[in-house]
Amino acid sequence: MNNNNNKKLNYQVSILQTIAIILVVLGHTEKNGHTALSILNWVPIYSCHLPIFLFLSGYLYHPNHDRSPIPFIIKKAKTLLIPFYLINGLFLLIQTIMNNNGFNIGRSFSFSYWILQPWKYNQPLTFAIPTWFMFALFLSYIFFCLIRYLLSFALKNELVRDITLLFILICAGILSVHYINSTNAPVYQVVYLRSIIMMPFIQMGYVYKKYLEKMDNAANIIYFPILLLIQLIIIFTATKPNLTFGLYGIKGFVNAGIPFYITGMTGIAFWMRISRILSSNSKESTFVTYIGQHTKSIMMFHLSGFFILNCLIHVISKVLDISRIFYNLNYDKFHSNFYYTAADNPRAVLFYLIFGIGFSLIISMIVDKIKD
């Protein structure tokens, strides 16, 4: 592949990462974030936003890691686990100060809650709560890399190995969902089973990049109706017409998670084609590329951006009537809920999206300057 094609492909990936993180932020603006775009009624946020990141993790995975998994795991510990601990430790300290001054947001700092909680139950509850995904992804990488390493000894043919692994991981994911739903599994088990449920999308990304991408050339006029038809079939055949899945606690998973995997793939396919169209018909945007390269920062800080906007609404509302955009703040939720947004009015969603992403990017720019 020539350099121009590589550049185009990298920009397409950046667009897809940007779309995925925008969906994450929209999904956290309470109910109106889900209806901010009418298309999200057919491709719901919680059917595909995190699967997109998992898919891209596999898409960007290099087979050399199979031969030497330990350096890869160490690298992922540096890029996922260490930032996870640093940001949650910082927010625990901030919350301690806030909770001593009229707020009741999460728990205050304790060493065991900070360090041990993610391994036993779930992550510490902080403004960086969306970073649970970073911890879960780290566990998925460990399982994924080690399984690929072990399977490389048993199956020498790469195609057979990759297809076999995809089948094994999908079965493991389905069985994990079934076990959680049928036994009401305790949280400490869900923490690890969740990462198993996530792994099939990583392998799907790897298989797509290696074997299928070159065949992905169907015309848009055929491509999009097929995806819509698949969504309709899921709606009419699933136990519940549910296309929204809470991966954090494995909530809303029906039919052993099979609809989750199907709609996850249709959502990925939909936004992949959108990102391809955008990358082919527009000049490369440094802003979009920057967002795509800093999705971790947005994952960590966008709820802080929401909180800052809430504070501004509180101050401005004392002087101006802003109820046409932001309804009155619910002060109990404002003082106790990480996710709280005054977004009952759909017009408010755009402001939270801007503040969530904007504040995160400001933090990223400051960190980048310090590194330089």
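**Close-up views of salt bridges and a helix end**

Asp66 is buried, with a relative accessible area of 5%. The model shown here is predicted.

**View 1. Asp66 pairs with Arg148 in a salt bridge.** The closest N and O atoms of Asp66 and Arg148 are 2.8 Å apart. Asp66 belongs to helix H3 (residues 64-67), and Arg148 to helix H7 (residues 132-154). The two residues are 82 apart in sequence, so their pairing ties together separate parts. Is Arg148 buried or exposed? Arg148 is buried, because its relative accessible area is 3% and the cut-off for buried is under 20%.

**View 2. Asp162 also meets Arg148 in a salt bridge.** The N to O distance between these two side chains is 3.4 Å. Asp162 sits in helix H8 (residues 158-183), while Arg148 sits in helix H7. The parts they tie together are 14 residues apart in sequence. Asp162 and Arg148 are both buried.

**View 3. Glu158 and Lys210 join their side chains in a salt bridge.** Here the N to O distance is 2.2 Å. The pair links distant parts of the chain. Glu158 is in helix H8, and Lys210 is in helix H9 (residues 187-212). They stand 52 residues apart. How exposed is Glu158? Glu158 is partly exposed, with a relative accessible area of 41%. Lys210 is partly exposed too, at 30%.

**View 4. Five residues are joined into one network: Asp66, Arg148, Glu158, Asp162 and Lys210.** How many salt bridges does a search of the whole structure find? The search finds 6.

**View 5. Thr237 lies in helix H10.** Helix H10 covers residues 220-237. Is Thr237 buried or exposed? Thr237 is exposed, because its relative accessible area is 57% and the cut-off for exposed is over 50%. What does the side chain of Thr237 reach? It reaches the backbone oxygen of Ile233, at 2.6 Å.

**View 6. Thr237 and Asn255 are shown as a pair, 9.9 Å apart in space.** That distance runs from C-alpha to C-alpha. In sequence, Thr237 and Asn255 are 18 residues apart.

Definitions and conventions: Residues numbered from 1 in each chain as written. Predicted model: local features only at pLDDT ≥ 70, side-chain atom pairs only at ≥ 80, totals over all residues. Heavy atoms only, no water. Helix = DSSP H or I, 4+ residues; strand = E, 2+ residues; numbered from the N terminus. Buried < 20%, exposed > 50% of the residue type's maximum accessible area, 1.4 Å probe, protein only. Polar contact = N/O pair within 3.5 Å; in protein donor to acceptor, adjacent residues only side chain to side chain. Salt bridge = Lys/Arg side-chain N within 4 Å of Asp/Glu carboxyl O.
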